[in-house]
Amino acid sequence: MSSRKKFRIQTKNLKIATLSAILPFFFFCIAFELLPIAVLIKDSFYNSSGVLSLSNYRGLFQKVYLSSFWNSIRLSAITALFGTIIGTFVGYSILRIQSKRIRALFEALSNVTTNFAGAPLAFAFIIILGANGVVTLLFAQILNLNLYPDFQIYSYAGLVVAYTYFQLPLMILLIIPSFTGLRSEWREAAVSMGASTWQYWRYIGFPLLTPSLVAGLVLLFANAYGAYATAYTLVGSKLMLVTTQIAFVITGEVLHDPALAKAMATVSLVIMAFCIFIYRITISKARGWDK
Amino acid sequence: MKTEYPARYIILILFGLYMLIPILATYLFSVAVRWDRSILPEGYTLEWYVKTIHHPYFIVTLKNSFFLAFYTVLLNIVLIVPAAYIAHTQLPSAKLPMDILTILPFGIPRVILALSLITVYTFPVISRSPFLLVCACTIFSMPYMYRPVSNSLEAIDLRTLNDAAQLQGASNIQILFYIIGPNIMNGIISGCLLVFSAIFAEYTLARLITGARYKTLPVLLVEFTRRDGRIASAISVFAFTVALILSLAIILIARKDRVSTVVKH
């Protein structure tokens with residue numbers, strides 16, 4: 001009896017301690033994450049005179065906004081695809097390096113370069129691929145290939161080159177554990193039954209990797225879609241992206257209707273939610289056979 | 001199998017060049033006298049670094065970036081560590097909402113987070129203040145803190161440690177500080193380093209929330225990419241070197257962690 005009473009007192013004390021430890025976190029998330037996003041979404045459904053309407057969304061069908069969405073989606077899709085395909089091959093090549101030290105070196109390189117993003121990255125590409133950049137000069141002098149004026153770093157093509165740079169390491173870090181999950185016994189079993197390398201990859205390796213590849217693709221897409229600093233530093237207002245347009249509304253550099261920015265943001269959040277949803281499903285599948 | 005080797009080496013060499021050339025070029029550009037008409041710089045100098053350090057805004061923005069990262073780390077520790085500990089020990093039902101709340105920021109582009117915060121917090125003092133910026137940075141960086149802490153809580157056998165300590169007559173506070181704390185310290189330190197390096201380099205939130213009122217180093221860097229490339233490269237080198245040191249520290253801690261778990265089993 002007494003021990004039970006003591007236990008009850010203890011749980012009561014624990015409850016107060018528990019709540020005081022955990023509630024600040026939830027309050028903070030509500031105040032600075034959930035509430036602002038909810039208000040933003042709510043605002044997007046009201047017109048300038050405060051009446052519930054879809055006029056902001058209708059406004060998005062103007063050419064400026066449609067092309068912003070088109071540019072953002074196209075850029076994100078292309079660099080996600082590049083990142084996924086190249087990253088998979090590089091990840092596999094890293095994994096098959098015999099020397100432990102060199103493998104660790106490449107893994108560290110992938111790890112460290114995830115920090116080289118945003119403005120420093122954009123600026124680095126201006127240095128090497130600008131009109132007088134060292135790589136531009138090397139191409140001209142050694143390969144006799146003039147990149148300019150057909151190519152421009154301050155353009156869509158320049159963005160593709162720079163975005164692929166920050167997509168690659170992310171994909172490599174994501175795909176390496178999936179490759180390690182492919183057990184060598186499975187390959188040995190396939191080979192002992194007469195499968196060729198191509199057949200092994202076509203019927204066993206690739207299907208097992210598919211969830212990881214899809215997870216990587218949507219993760220990289222979301223990553224590129226939300227990026228702002230690289231694009232702003234490289235192209236500024238020359239090329240319209242969803243993030244740069246929303247930022248222009250905040251900084252007041254280009255005068256758009258703030259309500260339209262909220263509608264743009266809401267549509268973007270739906271796209272992001274879709275990406276995260278696919279990511280969660282595929283990553284749990286990918287990790288499922290991994291364990 | 002052996003026939004594949006050349007292709008694999010070519011892939012790795014091209015990858016290495018693609019990843020390293022932009023970084024090395026930035027370092028070289030920052031010490032080059034002039035580098036826009038020759039393959040190699042026309043001479044080397046430290047002039048741009050001297051100019052950068054003497055620029056009146058450099059020290060101010062450096063300080064701002066440092067304090068921003070510092071307070072964000074602090075707020076992260078206060079909010080995440082106790083909550084994650086409770087969720088793992090006494091309130092398992094809080095784990096799922098916590099997981100979701102700390103994953104959500106990955107799905108909210110920073111431009112949109114900034115827009116939503118300045119829409120809601122329009123009243124004076126808070127509106128576009130450094131305080132709001134720290135809160136925004138904390139939301140954005142929570143996943144970096146939560147995941148290592150949560151992983152290290154998962155890795156240790158909390159129940160056994162707890163029971164053993166209670167059997168020896170330890171109080172809850174003692175258990176927290178002497179038993180649990182040291183066991184998840186590596187997770188907390190990794191989290192702190194990840195948050196610090198993410199916020200030290202954070203441009204979007206700083207520019208859109210505080211703008212000219214509280215300029216950080218990355219904001220100054222972007223201004224200089226349009227004005228003076230030499231100073232921009234010096235700031236860039238400085239920022240990346242800080243990030244490089246922090247990420248090497250994280251790799252070392254992770255490796256040490258792996259070794260200690262191997263020994264344990």
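Is Arg128(B) buried or exposed? In this predicted model, Arg128(B) is buried, because 20 other C-beta atoms lie within 10 Å of its own, and the threshold for a buried residue is 20 or more. Arg128(B) is placed in the loop between helix 5 (110-120) and helix 6 of chain B. Its phi is positive, near 50 degrees, although the residue is not a glycine. Most residues other than glycine have a negative phi.

A positive phi also occurs in chain A, at Asn144(A), a non-glycine residue with a value of about 55 degrees. Asn144(A) belongs to the loop between helix 6 (134-142) and helix 7 (156-181) of chain A. Asn144(A) is exposed, because 7 other C-beta atoms are found within 10 Å and the limit for an exposed residue is 12 or fewer.

Chain B contains eleven helices and zero strands, and its pattern along the sequence is α-α-α-α-α-α-α-α-α-α-α. Its C-alpha atoms occupy a box of roughly 75 × 65 × 30 Å along the principal axes. Of the 265 residues in chain B, 43% are buried. Where contacts in chain B link residues at least 6 apart in sequence, 73% of them join residues at least 24 apart.

Chain B is assigned two domains, domain 1 (1-45) and domain 2 (55-264). The centres of these domains of chain B, taken over C-alpha atoms, are separated by 32 Å. Five residues from domain 1 of chain B and five residues from domain 2 of chain B form the contact between them. On the domain 1 side of this contact in chain B, three residues are nonpolar, two are polar and none is charged. Chain A is likewise divided, into domain 1 (1-43) and domain 2 (59-288), and the C-alpha centres of these domains of chain A lie 39 Å apart.

The contact between the chains draws 62 residues from chain A and 60 residues from chain B. On the chain A side, helix 1 (residues 2-43) supplies the largest share, 16 residues. The residues of chain A that touch chain B comprise 46 nonpolar, 13 polar and three charged. Arg8(B) is partly exposed, with 16 other C-beta atoms within 10 Å.

The largest nonpolar core has 150 residues, and those with the most contacts inside it are Ile246(A), Ile80(B), Leu133(B) and Ala136(B). Helix 6 (residues 130-155) of chain B contributes the most to this core, with 13 residues. When neighbours within four places in sequence are set aside, Leu133(B) is in contact with Leu68(B), Leu205(B), Ala206(B), Ile209(B), Thr210(B) and Tyr214(B).

On the chain A side, Ile246(A) is one of the buried residues of helix 11, together with Val242(A), Thr243(A), Thr244(A), Gln245(A), Ala247(A) and Val249(A). Helix 11 (residues 242-251) of chain A is largely enclosed by the rest of the structure, because seven of its ten residues are buried. After helix 11 of chain A comes Gly252(A), with a positive phi near 75 degrees.

Methods:
Residues are numbered from 1 along each chain as its sequence is written. Chains are lettered from A and ligands numbered from 1 in the order in which they are written. This is a predicted model: local features need pLDDT of at least 70, side-chain atom pairs count only at pLDDT 80 or more; totals for chains, interfaces and linings use all residues. Two residues are in contact if their C-beta atoms, placed from the backbone, lie within 7 Å. Helices (H or I, at least four residues) and strands (E, at least two) are DSSP runs, numbered from the N terminus. Ala, Val, Leu, Ile, Met, Phe, Trp, Tyr, Cys and Pro count as nonpolar, Asp, Glu, Lys and Arg as charged, and the others, Gly among them, as polar. A nonpolar core is a set of buried Ala, Val, Leu, Ile, Met, Phe, Trp, Tyr and Cys residues joined through C-beta atoms within 7 Å. Domain bounds come from an automatic or database domain assignment.
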